[in-house]
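Please read it beside the sequence and the model.

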Amino acid sequence: MHDSERKQRLEALQVRYAERLQDDVQTVLAQVDEMSARAGAADMAELEALCDALQRIADSAGTFGHESLSETCGNVARQIRDWLDGDLLPAPYTLAALLPRLQQGAATLPERGDASVSAAPGETLPTRLALLGEDRGRGEALAASLDALGYTCRTFAMHEVAASIAWAPDVLVIDEQGMSRQRWCDEWTAWPAPRPHLLVMGGDDAFTARLEAVRLGAEGYFMPPLDVSLIDRRVQQLLPGPVASPLRVLIVDDDIELAEHYRLVLAGVGIESWVVNAPADALTVLREERPDLALVDTRLPGCSGRDLVQVMRLEEAWRHLPVVYLAAGSDVSKLALTRSGDDFLGKPVDDDALVATVVSHAQRARRSRQAMGRDGMTGVLTYEALQELLEVEFARARRSGAPTSLALIDLDRLGALNARHGHTSGDYAIRQLAERLTQQLRFIDHVGRYTGGAFCVVLPHCDPEDAQRAIERIRLQFQAQPLGEHADIDVTFSAGVASLHEAESVESGLDVVGRRLYRAKLAGRNCVLAEG
């Protein structure tokens, strides 16, 4: 979603909420007016309903910029809650005293129809990378690879430095090959503020060369063969945002406008989120989207937020999912005392506090999850972790009857590549294949390092025919991808695909998929077989 579209949606949501708020406030005022005009005291059920209506306004109004009304309704709700907790039924004149306070809060609202949606501002451009160097062909090959990852790239020769400055890149990548360091150092020193982030593709691997680059402000230093994935990873660290793999959040709140506001605020910093208004739908979204964190309202229809979290954590997969409660009214003090969940935010929720809390907990959870059982070079599952996962998925597939497929993928002629261009090139090809698999497969699929340049992929809820089509699509993309600076080298892979849910055991499933990989190699390599 472009930033302009997100802002438009937020503004439209503001208008929609303002219309709803006018109706909610008028309903509350009418309730208080009617109850205060009676001869006798209100009953407990009426007071409970009034308290809930006031608390609902208090929880959401501040988020949409109506802080005064939010505070007034929160104070009145607490007063009524105290009466209810003390089994006190206020007299009509006592309720009548609440009316001026609520009317004063309502007076801060704009007249119906005053709000408007402003024109959309200019769209935000993707991250810009300028590639500065004398080898135009090498620069264009690198630019093509980075463009495929979602960046906007342009190449410039050294005599085009002025043009590169005018283009205002977010990141400047300097290729030292074919030029003296002194020349680009002079140009970089004269670069006007604000400067972009500086990355260097070095021609000298010596410590002194790296030290000089650091002193000039370099934040990344790469030696050939050019590893696009390492450059991409460094840029993600320097400029976290839409290029990086987005954090994923489940939002559970029965207030439709408020939940949508949270979603749009998180979208503004590149976080994907899914809104659930009915607690019973939460498990489905968890299983399909596998979020990094859950935002859960403490008060939901039919159950409390803590009840829902306990239901979620009956499943092993969500036992350690971070949960941040959206706490209303007195729930804030209760959560502070019980330390339930990983954190809580008191309603109305400040947008900056929402983003900071979500990012902090979600990133920590993701780093922790990724560090466990991950291969150091590729970031996919280790062989040991893969074996455990295979047993779990095999048992689940046999129990549920859902189709589950295996794919065994192996780089073609890896030994020849290492012999001709060195193990650095071979390692680069392995990392590229791992990255392609993790980027192009579904979020519920699992990739593990099997041996050397071989990977095993587990595809739940996927039959062998669909699995073959998915791996074949990746094979074609991988074949067309240049290998760093060795654009003349064709790097391909072969693969076998088989059913796991129909196998007698994990071992027999691996045996079948291994035989199909072997047949793919005999058939000339660079193909995917799901039969034989």
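**Aromatic pairs and a helix crossing**

Trp 191 has a relative accessible area of 6% and is therefore buried (under 20% relative accessible area; exposed is over 50%, partly exposed in between; 1.4 Å probe, protein chains only). The model is predicted: local features need pLDDT of at least 70, side-chain atom pairs count only at pLDDT 80 or more, and totals for chains, interfaces and linings use all residues. Residues are numbered from 1 along each chain as its sequence is written, and side-chain values use heavy atoms, with hydrogens and water left out.

**Aromatic pairs**

- The structure holds five aromatic pairs (ring centres of Phe, Tyr and Trp, its six-membered ring, within 6.5 Å; planes under 30 degrees apart are stacked, over 60 edge-to-face, the rest tilted).
- One of them is stacked: Tyr 17 and Phe 64, at 4.0 Å centre to centre and 10° between the planes.
- Tyr 17 belongs to helix α1 (residues 3-36), and Phe 64, 47 residues apart, to the loop between α2 (44-61) and α3 (67-85).
- Tyr 17 is buried because its relative accessibility is 0%; Phe 64 is buried at 3%.
- Trp 188 and Trp 191 form a tilted pair, 5.9 Å centre to centre with 45° between the planes.

**Charge over a ring**

- Arg 195 lies over the face of Trp 188, 4.8 Å from the ring centre (CZ of Arg or NZ of Lys within 6 Å of the centre and within 35 degrees of the ring normal).
- Trp 188 is buried, at 3% relative accessibility.

Methods
Helices (H or I, at least four residues) and strands (E, at least two) are DSSP runs, numbered from the N terminus.
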